[in-house]
Amino acid sequence: MKLSPTLIFFLFVQFLSAQIQDKVDFVHANVLIEPTPIENRINGSVAYEFKVIQDVDSIFLDAVNLDFLNVSFDGVKIDYDYNGKRITIKNEMKGGESHIVLMDYVVKPKQTVYFLRWDDEVRNNEQVWTQGQGKYTSHWLPSFDDMTEKVEFDIQIELKENYTVIANGNLIKKEPLPESNGYFWQFDMKNPMSSYLVGFAIGGYNKKTIESASGVPIELYYEPTDFSKVEPTYRYTQHIFDFLETEIGVPYPWQNYKQVPVQDFLYAGMENTTCTIFSNQYVIDSTAFVDKNYVNINAHELAHQWFGDLVTETSSEHHWLHEGFATFYAYLAEKDIFGDDHYYWHLLETANALQRFSGDDGGEALRNPNAGSLTFYEKGAWALVMLQDRVGAKAFKKGVQNYLNKYAFKNVTIPNLMEELEAVSNTDLEDFEQLWLQESDFPYDLVVTFLQEKNPSIKTYFELKNKIGEQPDRTEEIIKRQWRKLNSSPLKENLVLDYGSKLSTDFLSSILQSGDVKTRQAVILSQNKIPTELKIEAESLLKDESYTTIEAALYRLWTDFPQNRSKYLNETDGIIGFPNKNIRLLWLTLALVTPEYNKDLKAVYFDELSGYTGSEHHFETRLIAFQYLKSIGGFTDTVLKNLVESCSHHVWHFRKSAREILNDFLQSEGNTARIKGLYPLLSQQEKQYLEKTLGE
């Protein structure tokens, strides 16, 4: 039978409405889980209290690959349908009633919950953590992939091992578990949230507690060995918190706030309600702070506690309301900390990135639900910069306040925001929406004009670029004429990055001797080869206050002045660098390929370098080590085994890179046989991947 278009549309609407449980309202979840990390298993129980709004004959929850042991309805065991993705409970329910459904289950999550370093007998830095962004909490907890179902989640965790447990809400109870060295942990939330914001972390953590000006407790977690890095890692945290409360104009909406660094996190950070989990690659010392600090991520994830957690998008078409706002307010926090110059130059940097992206394939609209991160984050932030400028800072703040207060603990769409801003500013914003939300192209010329009007140093930058473009043979003369008048570090840095290869050694020498850390860094990054005349100044950079500068200087000096290689290696021995060990890994590689350097220690250096490919290290460290070992032909059987293991890693971009390195290795004659020789050492999953890769 052929269906008419009208009937097809009707059935489609009915199907969509069936996926959204608008006839019931789940209000509270009492969650109890018992992780068994050594088995990657969770025994769980959850009791949902829900209210029936209209008569209904069934309810459902999303649940991916869970084994249900018991399901009861108001205390009575009940049958259910389960297809591996969704559990459906059929029972006649009348409007106005309240019920409780209880589910006991066991699950070995293939994603969303990650068990790290539990697969050996040595207990050191073990962790468990979650990442449920989007709709993935249902992989370990029967819950709701639909973000419009908001529930108050109270979590209890029984852990037989003696580790710290962190989760959403206030810790209201911690008591010893009998016959173990672990504890029972009970957390209480006060308000509802979407399921994807439920999260927990387990590890050997200590914590430092501070308090916001408004009295909100802020818990800063760290591994005991990172005690000396607590201050630079969490630098400005209270400042950021206080700034955002004031700037947004709506009090922080939850009981407390926690931040937990974890190993091999999938992203920079994740804004679980009251409990941000972030990558431990931002656990840094004061030298690393210069080039790679946690300030922006810190502010971004905290801003999400309002934009995403308090008010939550109805669908990804409205994702700007999450990421655009979090990015925008993080930039404002950085502006408050580091100044106007930092703020506007960073905006120029993102504008340039968006222009390049838009030029490649026409860009993406902010209303496009399938847009990428650059669009939602950076174009989204730019849209708010221009929107604030359009309606005025006072009206913008009032409109955002009204929006947050009106839709607190609810779901929102872009029209909800625009209505509030139009009302307080008495402005028709239809043309703004068309340009910034509907159009794919990024209005680069418009934003550059805006930046030049707002920031004198950016105006000077473009004036100098235009002059140099007209008279390229006078590049140094044009820059030198203005150099002493320039009081903007980003302006000097960018001029050197753009034109450093065209500047005389005398001028570059003077910059190296008097420039700030970023301008000195720009000099070394701009040189394809260090001129002999700059050798002494470049050597001084090996002791600079920046790991990026030291790394670049070491490589450049080692390459350009081979007669001094041992000297440069001696001067930088012992410097680790960023958490990914960038300088140490480079140093080990250079030490190995410098024939005359410490010949009796080559084996020690190789063992250290190859050891960094092991699973106990962060994936960034491992990837750098793989790349260096590939470049020097250092793939031993142990390294190859670690490479094969990496091809199944939970971080997709590391997994992709590892697979590319392995595929390249297999192109050389004899290497397939070497890989096959590893089979007895591999897991079943690793063997299956290799068989698929080798076409067997």
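These notebook entries record what I looked up in the structure.

**Entry 1. The model.** I worked from a predicted model, in which local features need pLDDT of at least 70 and side-chain atom pairs count only at pLDDT 80 or more, while totals for chains, interfaces and linings use all residues. Residues are numbered from 1 along each chain as its sequence is written, and side-chain values use heavy atoms, with hydrogens and water left out.

**Entry 2. The open sheet.** I first noted the terms: helices (H or I, at least four residues) and strands (E, at least two) are DSSP runs numbered from the N terminus, and two strands pair if DSSP finds at least two bridges between them. I found an open sheet of five strands with mixed pairing, in the order E17-E18-E19-E21-E20. Strand E17 (206-211) and strand E20 (269-270) are at the edges with a single partner strand each, so one side of each has no neighbour in the sheet. I then followed strand E18 (residues 217-222), which runs parallel to strand E19 (residues 257-262) and is joined to it by three bridges. Leu 220 lies opposite Gln 259 in E19.

**Entry 3. Strand E14 and its partners.** Gln 186 in E14 is the bridge partner of Gln 156. Strand E13 (residues 170-176) also pairs with E14, over six bridges in the antiparallel sense. Here Pro 176 faces Tyr 183 in E14. E13 and E14 form a hairpin with six residues between them, and in the turn Glu 179 has a positive phi of about 60°.

**Entry 4. Two helices.** I examined helix H6 (residues 320-338) and helix H10 (residues 414-425), which pack at an angle of about 55° with axes 10 Å apart. The axes are lines fitted to C-alpha atoms over the stretch in contact, and angles run from 0 to 180 degrees between N-to-C directions. H6 and H10 are therefore oblique to each other, since angles under 35 degrees count as roughly parallel, over 145 as roughly antiparallel, 65 to 115 as roughly perpendicular and the rest as oblique. Trp 320, Leu 321 and Phe 325 of H6 make the contact (heavy atoms within 4.5 Å) with Ile 414, Leu 417 and Met 418 of H10. By class, the residues of this contact are six nonpolar, no polar and no charged; Ala, Val, Leu, Ile, Met, Phe, Trp, Tyr, Cys and Pro count as nonpolar, Asp, Glu, Lys and Arg as charged, and the others, Gly among them, as polar.
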